[in-house]
Amino acid sequence: MNDIVLDVRNLRVEFPTRRGVLTAVDDISLQIRRGEILGVVGESGAGKSMTGMSILGLLEPPGRIAAGSIHLSGDRIDNLDDRAMQSVRGRRIGAIFQDPLTSLNPLFRIGDQLTETILLHTRLTKAQARERAMDLMREVGIPAVEERIDNYPHQFSGGMRQRIVIALALCAEPELIVADEPTTALDVSIQAQITALLKRLCRERGTAVMLVTHDMGVIAETADRVAVMYAGRLAEVGRVDDVVRRPQHPYTAGLMGSIPSLRKDVAELRMIPGSMPRLDAIPAGCAFNPRCTHSGPRCHQEIPRIGVEQSGAACWLQTQGDVA
Amino acid sequence: MSIRSNAILEVDALERRFDVSAPWLNRMIERKPRRTLRAVDGVDFVIQRGQTLALVGESGCGKSTIAKLVTGLHPPSGGNIRFHGDRDRLQMIFQDPFASLNPRWRVGRIIAEPLRTLRPDTPMDQVSARVDELLRIVGLVATDGSKFPHEFSGGQRQRISIARALAGDPEFLVCDEPTSALDVSVQAQVLNLMKKLQKDMGLTYLFISHDLSVVRHMADVIAVMYLGRIVEIQPTADLFSNPLHPYTRLLLETIPDLEVPNRDRNPMGGEVPSPVSPPSGCSFHPRCPLAFERCKHERPQRRADVHNRRVACFAAGQS
Ligand SMILES: Nc1ncnc2c1ncn2[C@@H]1O[C@H](COP(=O)(O)OP(=O)(O)OP(=O)(O)O)[C@@H](O)[C@H]1O
Ligand SMILES: Nc1ncnc2c1ncn2[C@@H]1O[C@H](COP(=O)(O)OP(=O)(O)O)[C@@H](O)[C@H]1O
Ligand code: SF4
Ligand code: SF4
Ligand SMILES: [Mg+2]
Ligand SMILES: [Mg+2]
């Protein structure tokens, strides 16, 4: 039994610009199984959204997939034409973005938007679809559904809108959900409601989820495995507990140390000196080498990669045990 | 009162209302009454010289409004603010390091601006020496002064904002979400810098954030806000070891904890109600697991007897 829903191999995303070709995503390989939540974490500009957009087939030109492949339950989807991809997006992949208003039409009632989407992807009658829309609204935790179904998006709070977007993403019972910073714009108490909802629904339905966020806390609470990105590349992939407690990559370790604790007093937070390089100035070898206290000669020449087993750290200290 | 003896800022029964009525004509046609939003609704706290008091709470609870009242950008609608310091030495750092720097000015000019307005007769060579020094203090280099803001990253821009705030030789800084727009590794750089500056220069901070772990790291005293009010205020260690208000407790149970991730949380239900029509009595009662009849009718009163150690809740030992 092969239960791999998403299989991304050696993905590379490029942006041709006047000053040369920028590589926003460089040799990323990821797999997500049925019912699994993979967190993708990294600082802004690390390439998280570009990875997500490639999977959704929503890269804005001139951005393009320059190498690699994306398979959904065995079907290759990165080379489909726009029409075919649009259908895959509605039926087989659901999308949730940071701003729920990008997914909702302000001019249409919530209920009509849900019903439309359900009619598009199922063989239900209009009345059945409306029933199903109400069920979905209840399932994502909208109170007083009968009263709210004919509201417009602006009549909902940010948290309720995001619940509706989740309902929309679930309409066609997709195999995969790509959620890009789904809770970043929300308050902490609402954030917890939304992640709990996502987790429950995916567990119950066996949906695979790619959860993109810059927030390590959200990942620790929600994801099964995590992929840490840095400067367009994978720095580390592993089970969440392992990566949070025993980070292998010097960047991940620095990242974890820089987060203030809710329990421990520290006089000074750990700092990673400098900042992530811009796409036009990525250093040779390991992209982290100018900021790394362990770097050796090899780090300046060869790009470290994560092994074939697709977990561990892309670091010469780990893979070959030597930076020299 | 002894606790007030070293106070630099005293805020008493502070209120700020905003008129959020529909335009006059609409009100006439639709027969709608005037509507008032109580953004800050009876807030008291005291900040001791050299300390950090943090305001923490969810979006819209009134944190930025307090910052604007303290810095004088808004006049209060009630209550008072007593600042026992030099008004010229009160500066502010904003959340958005992109919007708060003039994009057409070179960084050197941006940093020198408070100096020029406060002490216009400072000789040019002294101004530029001071700018160089400030750049160095915040971890940049003198040549950065001739660059424009867009040439810097978010964290570097926030350092520039800090350098600008320091130019006026401040004693009191109001920092409204100074690191919320930054990545965590950059946030660590800025927070460490702010702590170091506080120690070196004896600065006092009013520090605003929605992030409890950041606030825990930075503050001596924490005030938790909900719908325009302080529901609980305690010294930092006490707030975390013994949170008293049901809202604080729920917040602490809700926020992700990297050290002890909890996969099966029971998140706090409901949402923050509209501040235009807040619930009666204790405004937290619709979401409160401990609410009882009295909470619906009566508002837990502020008690002004013990400063910076208070909880506004009938069930938490206050009458
Ligand atoms: N100029 C204004 N006119 C009308 N309402 C206002 C004005 N400024 C603030 N408010 C309202 O006052 C309340 C408190 O706003 P404030 O900006 O202080 O919140 P905050 O705690 O800083 O929130 P955030 O975390 O989102 O920054 C909100 O309901 C807001 O909509
Ligand atoms: N249209 C574009 N042209 C050039 N570079 C782009 C474009 N869109 C995104 N990028 C760059 O791609 C990189 C990755 O972006 P993104 O995936 O959005 O990062 P994040 O991890 O914050 O989601 C960034 O350096 C970004 O500036
Ligand atoms: S490969 Fe070298 S530079 Fe890169 S993280 Fe590992 S030790 Fe540091
Ligand atoms: S006063 Fe009542 S409703 Fe308010 S927090 Fe206390 S117990 Fe809850
Ligand atoms: Mg992004
Ligand atoms: Mg604010």
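In the predicted model, the largest nonpolar core comprises 97 residues, with A:Ile55, A:Ile93, A:Ile166 and A:Leu176 making the most contacts inside it. A nonpolar core is here a set of buried Ala, Val, Leu, Ile, Met, Phe, Trp, Tyr and Cys residues joined through side-chain atoms within 4.5 Å; buried denotes under 20% relative accessible area, exposed over 50%, and partly exposed the range in between (1.4 Å probe, protein chains only). Helix 6 of chain A (residues 158-170) gives the most to this core, with 8 residues. Helices (H or I, at least four residues) and strands (E, at least two) are DSSP runs numbered from the N terminus. A second, separate core has 36 residues, among them B:Ala112, B:Phe152, B:Ala167 and B:Val214.

When residues up to four places away in sequence are not counted, A:Ile166 touches A:Ile96, A:Val140, A:Ile194, A:Leu197, A:Leu198 and A:Leu201 (contact: heavy atoms within 4.5 Å).

Chain A contains 11 helices and 11 strands, and 54% of its 324 residues count as buried. Among its contacts with a separation of 6 or more, 64% involve residues 24 or more positions apart.

Ligand 4 is surrounded by residues of chain B, including B:His245, B:Cys282, B:His285, B:Cys288, B:Cys295 and B:Cys313 (a heavy atom within 4 Å).

Residues are numbered from 1 along each chain as its sequence is written, with chains lettered from A and ligands numbered from 1 in the order in which they are written. As the model is predicted, local features need pLDDT of at least 70 and side-chain atom pairs count only at pLDDT 80 or more, whereas totals for chains, interfaces and linings use all residues; side-chain values use heavy atoms, leaving out hydrogens and water.
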